[in-house]
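Dear colleague,

Please find the sequence and the structure below. My notes on what was found follow directly after them.

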Amino acid sequence: MGMIENHTVNAVAAVAGDALSEALAGGVPPLDAFRDALRGGSQRLFECFDAGVPITDLVTGRSRLIDGILVAAWRHHMPPEAPAALVAVGGYGRGELHPASDVDILILLGADAEEDAGALNDPL
């Protein structure tokens with residue numbers, strides 16, 4: 001893969017992340033902002049596909065796109081002291097996310113799981 005292709009695929013997540021941050025800061029409803037970031041990033045990845053970027057780079061790029069969106073969602077909705085962690089699993093966890101793939105995640109709670117789960121009800 002050439003430098004231009006690598007830069008283009010890597011830029012997809014960065015551009016989507018910047019647009020998402022601006023939308024959230026501008027008061028766009030979060031679900032709309034996340035949905036728009038996913039649509040825009042996916043469209044740019046399809047354009048990369050049409051330009052001949054290797055599939056292996058695109059599935060990694062899609063994983064990075066989803067990483068950015070999920071991290072933004074987690075930070076937007078979860079308090080920093082939340083006793084929980086968000087973990088990517090499956091193909092997504094391996095960094096291999098195809099366009100129609102499920103996004104498999106796991107939320108890990110602290111030792112006091114019952115109390116922790118109650119604190120997470122509203123954000124989730």
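**Salt bridges**

Asp32 and Arg35 both belong to helix 2, where they sit three residues apart, about one turn of the helix. Helices here are DSSP runs of H or I with at least four residues, strands are runs of E with at least two, and both are numbered from the N terminus. Before going further, please note that this is a predicted model, in which local features need pLDDT of at least 70 and side-chain atom pairs count only at pLDDT 80 or more, while totals for chains, interfaces and linings use all residues. Residues are numbered from 1 along each chain as its sequence is written, and side-chain values use heavy atoms, with hydrogens and water left out.

The side chains of Asp32 and Arg35 form a salt bridge, at 3.8 Å from N to O. A salt bridge is defined as a side-chain nitrogen of Lys or Arg within 4 Å of a carboxyl oxygen of Asp or Glu. Asp32 is partly exposed, with a relative accessible area of 34%, and Arg35 is partly exposed as well, at 36%. In these terms, buried means under 20% relative accessible area, exposed means over 50%, and partly exposed lies in between (1.4 Å probe, protein chains only).

How many salt bridges does the structure hold? There are three. Another one joins the side chains of Asp36 and Arg39, at 3.7 Å from N to O. Asp36 and Arg39 are three residues apart in helix 2, and about one helical turn separates them. Asp36 counts as partly exposed at 45% relative accessibility, whereas Arg39 counts as exposed at 54%. A further salt bridge links the side chains of Arg94 and Glu96, at 3.4 Å from N to O. Arg94 is exposed, with 58% relative accessibility, and Glu96 is partly exposed, with 41%.

**The chain as a whole**

The chain has five helices and two strands. Along the sequence, their order is α-α-α-β-α-β-α. Of the 124 residues in the chain, 27% are buried. Contact means heavy atoms within 4.5 Å. Among the contacts in the chain with a separation of 6 or more, 60% are between residues 24 or more positions apart.

**Helix 2 against helix 3**

Two packed helices are described by the angle between their axes and the distance between the axes. Helix 2 (residues 30-50) packs with helix 3 (residues 55-77) at an angle of about 170 degrees, and their axes are 10 Å apart. That makes helix 2 roughly antiparallel to helix 3. The axes are lines fitted to C-alpha atoms, for helices over the stretch in contact, and angles run from 0 to 180 degrees between N-to-C directions. Angles over 145 degrees count as roughly antiparallel, those under 35 as roughly parallel, 65 to 115 as roughly perpendicular and the rest as oblique.

The residues of helix 2 in this contact include Phe34, Leu38 and Leu45, and those of helix 3 include Leu58, Leu65 and Ile69. By class, the contact of helix 2 with helix 3 has 14 nonpolar, five polar and one charged residues. Here Ala, Val, Leu, Ile, Met, Phe, Trp, Tyr, Cys and Pro count as nonpolar, Asp, Glu, Lys and Arg as charged, and the others, Gly among them, as polar.

**The largest nonpolar core**

In soluble globular proteins, nonpolar side chains tend to be buried together. A nonpolar core is a set of buried Ala, Val, Leu, Ile, Met, Phe, Trp, Tyr and Cys residues joined through side-chain atoms within 4.5 Å. Which members of the largest nonpolar core touch the most other members? Of its 16 residues, they are Leu20, Phe34, Cys48, Leu58 and Ile69. Helix 1 (3-25), helix 2 and helix 3 each supply at least two residues of this core. Helix 1 gives the most to this core, with six residues. Leaving aside residues up to four places away in sequence, Leu20 touches Ala33, Phe34, Ala37, Gly68, Ile69 and Ala72.

**Three further residues**

Ser63 is located in helix 3. Is Ser63 buried or exposed? Ser63 is buried, with a relative accessible area of 3%. Not counting residues up to four places away in sequence, Ser63 touches Tyr92, Gly95, Glu96 and Leu97.

Trp74 is also part of helix 3.

Gly91 lies in helix 4 (residues 90-93) and counts as buried at 19% relative accessibility.

Yours sincerely
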